[in-house]
Amino acid sequence: MAAIALAETPDDLAYVRGNYVPFPARGLPGETDWPGTYLPRATYRTPDGASWFTRDLWRLHDDAGGIAGVRALFERRVIAAARMIDHPIDPATEWDAYVAGLYGACLRDVTPEMIVMKEALVARLDRLLAEPRPDDASWRARLLGDVDMLDGILRPFAACDRVRFGRATSRDRLVTDVRRRFE
């Protein structure tokens, strides 16, 4: 799994401080041990040592009624969402990415349903791009419709994410680049 991104540039620091919250965002007993086990790890770290998390860090905890039910609820919701849109997905793999804090960099709303939707859209776009038909109006409409949907659920990303992931982000590759090529 990719490491926590270090936000150092003025733009990255402004992005992180404007869109994320430092931990702990509550004050429950023992919670400092939870990130990476029951809750996502920090998505970003700043040079002052602060760890930064998505604003919805506690959503799944609250939906589960406490820390003990988080993983089971996550897996049930991933499975239900995957069935609803007929997209195969491994709940254990997605749990690992969730608690690693990776989806905090990608998604505006870090929920099991949005994780499944993102993965399904990425897979569909990859399939469409594997056999491009830019002169086919129906193909272009499907492609750009999926790009619009992905654009709606993805965050802008910080520049340090490209270092963290060692490549272009899903937004770079499947929103910005696709629009540049096919709009």
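Guide: What follows is a set of questions about terms, with values set against definitions.

Guide: This is a predicted model, in which local features need pLDDT of at least 70 and side-chain atom pairs count only at pLDDT 80 or more, while totals for chains, interfaces and linings use all residues. Residues are numbered from 1 along each chain as its sequence is written, and side-chain values use heavy atoms, with hydrogens and water left out.

Visitor: Why is C106 called buried?

Guide: Buried means under 20% relative accessible area, exposed means over 50%, and partly exposed lies in between (1.4 Å probe, protein chains only). C106 has a relative accessible area of 8%, so C106 is buried. C160, at 9%, is therefore buried as well.

Visitor: What makes D86 exposed?

Guide: The relative accessible area of D86 is 71%, which is over 50%, so D86 is exposed. D86 lies in the loop between α3 and α4. Helices (H or I, at least four residues) and strands (E, at least two) are DSSP runs, numbered from the N terminus.

Visitor: What is the phi of D86, and what kind of residue has this value?

Guide: D86 has a positive phi, near 55 degrees, and is a residue other than glycine. Most residues other than glycine have a negative phi. F157 is not a glycine either, and its phi is positive, about 75 degrees. F157 sits in the loop between α7 (137-153) and α8 (159-165).

Visitor: Is F157 buried or exposed?

Guide: F157 has 7% relative accessibility, so it counts as buried. V163, in helix α8, has a relative accessible area of 68% and is therefore exposed.

Visitor: How do you know that the length of helix α3 agrees with its number of residues?

Guide: The expected span of a helix is 1.5 Å times one less than its number of residues. Helix α3 (residues 70-85) has 16 residues and should span 22 Å; its end C-alpha atoms are 23 Å apart, so the two values agree.

Visitor: Which residues of α3 are buried?

Guide: The buried residues of α3 are V70, L73, F74, R77, V78, A81 and A82. They lie on the same side of α3, because they cover an arc of only 160 degrees around the axis. The arc is that of the directions from the helix axis to the C-beta atoms. On the face turned away from the buried side are the exposed residues R76 and R83.

Visitor: What do the buried residues of α3 pack against?

Guide: They pack against α2 (59-64), α4 (91-99) and α6 (112-130), where contact means heavy atoms within 4.5 Å. In α4, the buried residues are P91, E94, W95, A97, Y98 and V99, and they pack against α2, α3, α5 and α6.

Visitor: Why is H87 called buried?

Guide: H87 has a relative accessible area of 16%, which is under 20%, so H87 is buried. H87 lies in the loop between α3 and α4. Not counting residues up to four places away in sequence, H87 touches A82, V116, E119, A120 and A123.

Visitor: What makes a space a cavity and not a pocket?

Guide: On a 1 Å grid over the protein atoms alone, a cavity is a set of points where a 1.4 Å probe fits but cannot get out; a pocket is an open set with protein on both sides within 12 Å along at least five of seven lines. Lining residues have an atom within 4 Å of a point. Grid points are joined across faces, edges and corners, and a volume is the space filled by probe spheres set on the points. The count is one cavity of 30 Å³ or more, and the largest cavity has a volume of about 50 Å³. Its lining includes P40, F53, Y98 and G101.

Visitor: Which residues are closest to the centre of the largest pocket?

Guide: The largest pocket holds about 360 Å³ of space. Of its 17 lining residues, C106, K118, E119, F165 and R167 are the closest to its centre. Helices α4, α5, α6 and α9 (170-182) each supply at least two residues of this lining.
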